[in-house]
Amino acid sequence: MIDPSVVDLSRLQFAATAFYHFLFVPLTLGLSFLLAIMETTYVMTGKEIYRDMTQFWGKLFGINFALGVTTGITMEFQFGTNWAYYSHYVGDIFGAPLAIEGLMAFFLESTFIGLFFFGWNKLSRREHLVITYLTAIGSNLSAVWILIANGWMQNPIGSEFSWVTMRMEMSSFWDLLFNPAAQAKFVHTVSAGYVTGSLFVLGISSWYLLKGRDIEFAKRSFRIAAAFGFASALSVIVLGDESGYAVTEHQQTKLAAMEGMWQTEPAPAPFTLFAIPDDETRSNSAEIKIPYALGLIATRSATKVLPGIDQLEQQAAERIGRGALAVAALEQLRAKTADAAAKAVFEANKADLGYGLLLKKYTADVAQATPDMIAQAARDAIPRVAPMFWTFRIMVALGFLFLVLFALSFWYSARNTFHEKRWLLKWAVWFIPLPWIASEMGWFVAEYGRQPWTIYGVLPTHLSTSTLSAGSLYGSIAGFMFFYTGLLVVELFLMFKYARLGPSSLGVGRYHFETAAA
Amino acid sequence: MLDYETLKIIWWLLVGVLLLGFAVMDGHDMGVGTLLPFVGKDDVERRVVINTVGPHWDGNQVWFITAGGAIFAAWPLVYATAFSGFYWAMLAVLWALFFRPVGFDYRSKVADPRWRTAWDWGLFVGGAVPALIFGVAFGNLLQGVPFHFEANLMPVYTGTFWALLNPFALLAGVVSLAMLTFHGANYLMIRTEGAVYQRARTASLIFGGLMLAAFAGAGLWVTAGIPGYVITSPVDPAALPNPLDKTVVVEAGAWLSNFAAQPLLWLVPGAGFIGGLIGLVMARVDRPVLAFVGSAVAELGIIGTAGVAMFPFIMPSSSDPRSSLTVWDSVSSHLTLDIMFWAALIFTPIVISYTAWAYRKMAGKVTPAFIEANDHSAY
């Protein structure tokens, strides 16, 4: 039996290290394509300023990228160190996209990033441009494979449980690859990265314009960021809707929790714009609802009913009952004491095996589970509502604010008056940190909303960890906190130092601090 | 689809290829990191040393990441059992590796000498600590590790971190550290000149010698006093994997039985010695490229020796031998092994070709003049 505090501590460590890793990923995804666009303009026009732009934003890219690599190493190995049972139980499926990510994407990105920085004088212009594109494509391909892996955690298709090997096994690689949940997540996640990259360039360029420094450099950077950001902000919303639709299809408990739907409402269900959800009384207060909106958005129909939490719990209780039979039969099969009848029971209830395992939190012998335990396990099957409800709404609200900012920036950049709109420039500066908040909220909704499962409907979180002691976990969490805090301080110090210095840091003699000094 | 038994053996070879790729590519970066504070006496010399690996360390590090991913995909039980069991050793490796990306990228972005010296030692830790621990891990695998499986195949490790640091394992750690440092020194000789070159050459002679002595010592120790493991129940290599379905005994001299059965296998440790000797001689006569080839062959021989001696074992259990993980029973399903085989077959040659192209484009000596000319863009 796993120590419950080890489960909570393992979750804390994974969440902290994953959130931390994702501070660096979105900027890499977005900025890499912006660099490619800037360099394309350089190669096409031959104007030096675009090479300077590519090199300067590339410098900031490098500072960010270093920590992305550092924190990514942790993620690759943490499944093994802290989630040993998970690794055994689903490694047959989950390990494949991770390994292919390394072979196909990470090698590409990492090999060419070196040439991006060091190859300016050793490669022809065209060669260097190709390198920049390959880096961008590599980092985005990484996201493809990671989200195929994550998509499978949300919607575990193309696989089957084998009682002989006591694990999930792949039955169709194509199903894994073309998992609709993975596709929706990929496009939503990378476009969020493009928004992050664009706002980063937009905000810092605005700051130079407000300071009256390196005007030409900043204006050109602003325009590219405004155009790319506008397209990305639009797609992040449209594709986010697609991702939400995938949730409706595959994870009704997540949807019910993020919408605070305690009871099933007649179709099409209303969308709750604002409410204060209370997990104790299982109700919302101070609700503001928009009639029909949720039903239409989530089901894309006027008649499909969205089940509320009450109904989902009832369904979970039924599945837990059947799952308990599967678990008991499985234990006989493993102990080689099963007769033909037990085997038949297992086959008949195999689809609910994961639900039976939810009971392991309360009893080692699930066949003896009391109705009370089943009710408790069924309540566990729904994530807590209040955190889901709020994080989702903050993310969506930020998404719309980004769209407005980029729409205005794009509009004024088309009219070539943006540099006179100081309010717009200030808005862009103040908004620099917000895409990170939106991205982290998005991950929270996706991953916290998957609870109580690591693999939705298949493997409960409380069974997925390693057999470590709580003391080891406290030690490793302290170590990660120590290193990550230190590294973040150093990273921000350098990022601010170089952003303040601006293109003068290139040492080419054409920019503010160099010409002012001369 | 290839048959299951063949795929199981292919994956044992492929994991070996990935580990060797790691040792040859990331290994020389780690060796360079280990030598950095000693072969570079001032800031410019240290920047020369760092910039020999500057454009390549990141791509090379992916051999490590990919080896981890491939073990997850092909040997999920090994990934689960080894990394959770060796928890603190694994964390020490990860935390030491943290210093590399930031050390390389951040060091020369601030001129303060204290800042730069601190990162130089960070790069030393990022090179030396993982190199040592990988050897210690192999040393423990050869002796067997205390773990067992519960009925639901949950791996339970019952040893401590400190028990990993036993004398034989530490000797294996010395083999690994000396091997990668030797290799890194040979690489530095290819890419530098003058004083740095001379110090790298001295380092190559010292660590090459140390590697050969420690490897010979470890070999004698295994022959004389480290018992091996033997599967005593009938083996069906094509069976569905279940590590609890066998019986295993500990037996003196068992790690030599593969060599006894197939005398040709003696070529594997032979490659370790011959490669090492070639590396030493070539470093001595100032032929750095051949010295680098020699140390790479030594890596093939040394890693291969551990693998061949233990085959079919991957991670023997000292406390519950039947739980031992082998090539036959710690693998993924037939389908996954097959898909991953094709993925590796397609992508590994592609990776090797563009890596070679990248090295060709960046070839040549890194000199103090280069550092001064590229003060703002070089590491």
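How many Å apart do the C-alpha centres of domain 1 of chain A and domain 2 of chain A lie? They lie 39 Å apart.

Quick housekeeping, everyone. This is a predicted model, where local features need pLDDT of at least 70, side-chain atom pairs count only at pLDDT 80 or more, and totals for chains, interfaces and linings use all residues. Residues are numbered from 1 along each chain as its sequence is written, while chains are lettered from A and ligands numbered from 1 in the order in which they are written.

Okay, domains. In chain A, domain 1 is 4-251 + 384-509 and domain 2 is 309-380, with bounds from an automatic or database domain assignment. Their contact takes 10 residues from domain 1 of chain A and 12 from domain 2 of chain A; contact here is C-beta atoms, placed from the backbone, within 7 Å.

Now a helix pair. In chain A, the axes of α4 (residues 84-118) and α5 (residues 125-154) come within 8 Å and cross at roughly 165 degrees. Axes are lines fitted to C-alpha atoms, for helices over the stretch in contact, with angles from 0 to 180 degrees between N-to-C directions; helices are DSSP runs (H or I, at least four residues), numbered from the N terminus. So α4(A) is roughly antiparallel to α5(A), the term for angles over 145 degrees.

Last stop: A:Ala192, in helix α7 (residues 180-211) of chain A. Buried or exposed? A:Ala192 counts as buried, because it has 28 C-beta neighbours inside 10 Å; the cut-off for buried is 20 or more other C-beta atoms within 10 Å, and for exposed 12 or fewer. Leaving out residues up to four places away in sequence, A:Ala192 touches A:Pro26, A:Val236, A:Ala438, A:Ser439 and A:Gly442.

Note on methods:
Two residues are in contact if their C-beta atoms, placed from the backbone, lie within 7 Å. Helices (H or I, at least four residues) and strands (E, at least two) are DSSP runs, numbered from the N terminus. Angles under 35 degrees count as roughly parallel, over 145 as roughly antiparallel, 65 to 115 as roughly perpendicular and the rest as oblique.
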